[in-house]
Amino acid sequence: MTGRDSGRKAPALERLLLAPYTAWASLFILVPLAFIAYYAFTDNNFNFTLDNVLKFFTATSQVTNEAGQTQEVFTYLLIFWRSLKLAIISTIICLLIGYPMAYIMARASSRVQKTMVTLIMIPMWMNFLIRTYAWMTILQDTGIFNGLLDMIGLGPVHIIGTEAAVVIGMVYDYLPHMVIPIYSVMAKMDNRLLEAAQDLGCNNAQVLRRVVWPLSLPGVFSGINMVLIPSISTFYISQKLGNGKFFLIGDAIEGQYIANNLHFAAAIAFIMMIILLVGMAFMRKLAGRHVQGGV
Amino acid sequence: MKRASKIYTALVMVFLFAPIAILLLFSFNESKSLSVFAGFSLKWYQELFRDGDTLESVKNTLILACSASAIATVMGTAASVGINKLRNKYVRASYDTVTNIPMTNPDIITGISLMLMFVFIGTRLGRSSSLSFWTLLISHVTFCLPYVILQVLPKLRQMDPSLPEAAMDLGCTPMQAFFKAVLPEIMPGIVTGMIMAFTMSLDDFVISYFTQGSGFQTLPIRIYGMTKKTVTPKMYALSTIIFFVILTLLLISNLTDEDGGKGSRRKAADAERARRARRILVPAAATVIIGLMVVLIVTGSGRTLTLNVYNWGEYISDGSEGSLDTIAEFEKWYEETYGVPVKVNYDTFASNEDMFAKLSGGAVAYDVVIPSDYTIARMLENDMLLPLNYSNIPNFQYIGEDFRNLYYDPENQYTVPYTYGIVGVIYNANVVDEADVGGWDLMWNEKYAGSILTFNNSRDAFGTAMYKLGLDVNTTDRAVWDRAAQELLAQKPILYGQVMDEIYNTMAAGEAAVATYYAGDYFTMVDSQADHVDLQFYYPERTNYFVDAMCIPTCCQNQELAEIFINFMLSREVAIANAEYIYYACPNSLVVEDEEYIEDMGEEAMEILYPEMESFREAYNTYAYRNLDPDTLGYISSLWEEIKIN
């Protein structure tokens, strides 16, 4: 009886607690999105227009491919596709490196766990522009990495200015974003479940595949989200490690902003936002189904 | 298995800490280079502690991260409790969706969307600047909130819901029940959320880039501003210090934790002590943060005059390497002369276009800006500059005849020249044949494929192609721009890269052999070149001449103070310090006629910076960039995009 009683009293207080966030989220999350849409669909005089959005889909450029042939391509679709491709590659690599790392961490003693979490987080406390700068020193043709290769008698590898350098930069910067969410899900996993699986005759690989992997999926999805999203839109990494030879969607938005084409910058941002929101919602739905199926 | 895990962990750690090792190493470098180690020295640490502006930006970054994460933690925790109690499934789902938006939106979108809103509202309210510390704080709180909520909410859901009810049955008010029963349960989530929010705020660059106002510059923006001049090992020294501070803090916290592991009774006592400590610590931290913010507001609105200056990164003598700290000198001199303290907020931008975009939208307000000629013309066309009262700038008399009444300001009513220069070609004489040297052709020479660097900004890059072909860099004829674009496209396959400040390290290390940049910067590269590199310099026959000048934008709050500042920059000692620091040519006769300056610079530098010519004015009028109409600018930017994606 008392339980229901307090349950009835509580909402007033709780609504009060929720009020500041409701106001904040509407004002500073939802309204700004409306502004992006507003700018995307208006011209410099704030008259309605579809030009900006259409330009994203229709603008074309001549591109010469490696064979020397010239092709007509859709400028912004190509830029978006290239950004997405690099981001997906980086995300996959982050997952491949990060998943075992998170697993090892979750299996360790609690003291080691704590130390490792902090070790993974420390680089993020150092400015990311400076860390990216340091990668230039490592990856240059005459840099540290090639110096080490040289010492063991391997030829120099040209990395800086290539896709590989940009991907290394992204993986480096966002690896912690992958490890931490997966680890926090795995750390909460009930050890007895794994033991039970082993008792029931699973070998290590089977335990991993049948118990650990499905249970860790929420962490995996949130890790993918946290790596994919920032790596799609980065413009500093591509500028510095790509020697300015890569032009990604983040560069395009920043470029339009600098060129004072706010409305077109907003249009690119708007379209990218829609694509990502739909993509992520789809993924979350998928994740939801998987998680239910797994448990 | 155990062993394999250890090796694997070690490899990942090597990957994560390799750049940090580099930072550490090069912070002790004797030369300015970030890629050639010249010898051990502590000078960058001394430099760092003499650099008030950088230290201030560190302080700003910390104030911001502390206040944003504190506000987000309190609001987010309250919100989580509220969301957790929501009954309606759909209301709950919509809260989840909204909370997830800042996580699924790239930060560039969050940044732009907030900026658009602030600027839109700010201009409608008639504010001289829409962006400020507050807009930056709001933006940071906004993207920090989800990290807190997503950490706290699961803890609430795991908690036994009867816990607060039991507390209330025992006579607690709902408030007491929350603080005594709920809060301790969800504390780990709150702490993790707060740490994540703090980390994200500390590391953020993109959102700050779009929402930062004048007078409160954070470290990442300061570093980004170093895009024309170079990032110095000073920044590495700073990172090294941050690294060791964190390491020490973590070690201390780990050591205190360790005591708890001995014996369960002690553990319980410790847990109780920790809980009590937390109860004191959290309010204490909140008090400190609120205190900091109050100090900030009070100092911001006190009787002190403020002057907001907007300049290129590394474009003023700032006290480093034994130079004069001109800003500090001004503050001191002003207070001595006028008896009123003045605080100069010195912010930096990365390019003319970056500065123009921020200023023209009314996003930021400054009292003094130092753009280049063609951008000054653009600002004048948009009525963005105030006419100067030259009676407050008597030192203008020392500006050479050649640098007055130039095309961008024909009656000289708006500007005072700061520096000037010429674009030249830099090459490594150990790689490039003497026979190939001369003209712009070297930049297109296939022999040096993969070793050529050009500008990563459209105006300067197009300039190189147009001077090469003898085209007019200020034409509105699209066919001419197309022709130049063809030339740049032909050059693209043989480029090492399109860069700005990366040029210093790349050329000094011998990575690339040919580059084009602004004359004075060549000496910075020579100073740190590797042993096997021999950098040389020449001017092509046709090339860009530029003037950067001080001017006062219409958003200026205190014109007289701004003029006094401009005048001070022209005084002998200060102007010489700036000229020697920036290493560009100086239009001030007090400087160029000064024996000591000429001696300090040396013969070679004087020859390159001040080449003999019949008339600077004539060359300048022929080759300087002029402002172009918006249509042509738009066309150039689409051509530039085409070049970039190829």
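Predicted model: local features only at pLDDT ≥ 70, side-chain atom pairs only at ≥ 80, totals over all residues.

Reader: At what angle do the axes of helix α3 and helix α4 of chain A cross?

Author: For a helix pair, read the distance and the angle together. The axes of α3 (residues 75–107) and α4 (residues 110–125) of chain A come within 8 Å and cross at roughly 150°. The crossing of α3(A) and α4(A) is left-handed.

Reader: Which residues make the contact of α3(A) with α4(A)?

Author: On α3(A) they are A:Met101, A:Ile104, A:Met105 and A:Ala106, and on α4(A) they are A:Gln113, A:Met116, A:Val117 and A:Ile120. By type, seven are nonpolar, one is polar and none is charged.

Reader: Why is α5(A) called roughly parallel to α6(A)?

Author: The axes of α5 (residues 128–139) and α6 (residues 144–151) of chain A come within 4 Å and cross at roughly 30°. Angles under 35 degrees count as roughly parallel, so α5(A) is roughly parallel to α6(A). Here A:Thr137, A:Ile138 and A:Leu139 of α5(A) meet A:Ile144, A:Phe145 and A:Asn146 of α6(A). Four of these contact residues are nonpolar, two are polar and none is charged.

Reader: How many residues of chain B are in contact with chain A?

Author: For an interface, read the residue counts, then the area. In this model 110 residues of chain B are in contact with 108 residues of chain A. The buried area is about 10000 Å², and carbon and sulfur atoms give 71% of it. In chain B, B:Phe15, B:Glu641 and B:Ile645 lose the most area to chain A, together 7% of what that side buries.

Reader: How many salt bridges are found across the interface?

Author: The rule finds three between chain B and chain A. A:Lys240 forms a salt bridge with B:Asp501, with the closest N and O atoms 2.7 Å apart.

Methods:
Residues numbered from 1 in each chain as written. Chains lettered and ligands numbered in written order. Heavy atoms only, no water. Axes fitted to C-alpha atoms, helices over the stretch in contact; angles between N-to-C directions. Helix = DSSP H or I, 4+ residues; strand = E, 2+ residues; numbered from the N terminus. Left-handed = near helix turned anticlockwise from the far one by under 90°. Contact = heavy atoms within 4.5 Å. Nonpolar A, V, L, I, M, F, W, Y, C, P; charged D, E, K, R; others polar. Parallel < 35°, antiparallel > 145°, perpendicular 65-115°, else oblique. Buried area = accessible area lost by both parts, 1.4 Å probe. Salt bridge = Lys/Arg side-chain N within 4 Å of Asp/Glu carboxyl O.
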